[in-house]
Amino acid sequence: FSKMGIEVAIDRNKMKVTAGKIRTAECDSHSDHRIAMAIAVAALNSEKTIKINGAECVAKSYPNFFEDLKKIGAEIV
């Protein structure tokens with residue numbers, strides 16, 4: 001998330017996310033469907049391109065995730 005200009009602070013069982021203007025980035029999902037989907041949702045607020053390496057891992061829990069994002073107007077390439 002820091003690559004995209006999003007600040008994340010974790011304290012025990014709390015997570016604080018602070019985002020300003022999201023910048024273009026190439027991010028790695030680390031083959032974790034939750035990370036890939038979180039990056040994709042954050043990217044909805046970006047005017048820049050966000051590349052998610054390993055994004056196909058979302059099929060593990062939500063095979064139609066990217067098709068559903070397209071339905072709400074997200075540009076997926």
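Buried here means under 20% relative accessible area, exposed means over 50%, and partly exposed is anything in between, using a 1.4 Å probe and protein chains only. With that in hand, take helix α1, residues 33–43: its buried residues are His 33, Ala 36, Met 37, Ile 39, Ala 40, Ala 42 and Ala 43. Keep in mind that this is a predicted model, where local features need pLDDT of at least 70, side-chain atom pairs count only at pLDDT 80 or more, and totals for chains, interfaces and linings use all residues. Residues are numbered from 1 along each chain as its sequence is written, and side-chain values use heavy atoms, with hydrogens and water left out.

- Helices (H or I, at least four residues) and strands (E, at least two) are DSSP runs, numbered from the N terminus.
- The cover over the buried residues of α1 includes the strands β1 (6–11), β3 (25–28) and β4 (50–53), along with helix α2 (65–71).
- A nonpolar core is a set of buried Ala, Val, Leu, Ile, Met, Phe, Trp, Tyr and Cys residues joined through side-chain atoms within 4.5 Å.
- The largest such core has 20 residues, and the ones touching the most other members are Met 4, Ile 50, Ile 52, Phe 65 and Phe 66.
- At least two residues of this core come from each of β3, α1, β4 and α2, and α1 gives the largest share, with 6 residues.
- As a general point, nonpolar side chains in soluble globular proteins tend to be buried together.
- Leaving aside residues up to four places away in sequence, Phe 65 touches Met 37, Ala 40, Val 41 and Val 58, where contact means heavy atoms within 4.5 Å.

**Aromatic rings**

- Rings of Phe, Tyr and Trp (its six-membered ring) pair if their centres lie within 6.5 Å; planes under 30 degrees apart count as stacked, over 60 as edge-to-face and the rest as tilted.
- That rule gives 2 aromatic pairs.
- Tyr 62 and Phe 65 have ring centres 5.3 Å apart and planes at 75°, so they go down as edge-to-face.
- Phe 65 also pairs with Phe 66, again edge-to-face, at 5.0 Å centre to centre and 80° between the planes.
- Together, the ring pairs join Tyr 62, Phe 65 and Phe 66 into a cluster.
- Within that trio, Tyr 62 is partly exposed at 33% relative accessible area, while Phe 65 is buried at 7% and Phe 66 is buried at 18%.

**Salt bridges**

- There are 2 salt bridges in the structure, each needing a side-chain nitrogen of Lys or Arg within 4 Å of a carboxyl oxygen of Asp or Glu.
- One joins the side chains of Asp 32 and Arg 34, at 2.8 Å from N to O.
- Asp 32 is buried, with 16% relative accessible area, whereas Arg 34 is exposed at 57%.
- Another joins Lys 71 and Asp 68, at 3.5 Å from N to O.
- Both Lys 71 and Asp 68 sit in helix α2, 3 residues apart, which is about one turn of the helix.
- Lys 71 is exposed at 68% relative accessibility, and Asp 68 is partly exposed at 24%.

- Ser 46 belongs to the loop between α1 and β4, and is buried at 14% relative accessible area.
- A polar atom of the Ser 46 side chain lies 2.9 Å from the backbone nitrogen of Lys 48.

Notes: Polar contact = N/O pair within 3.5 Å; in protein donor to acceptor, adjacent residues only side chain to side chain.
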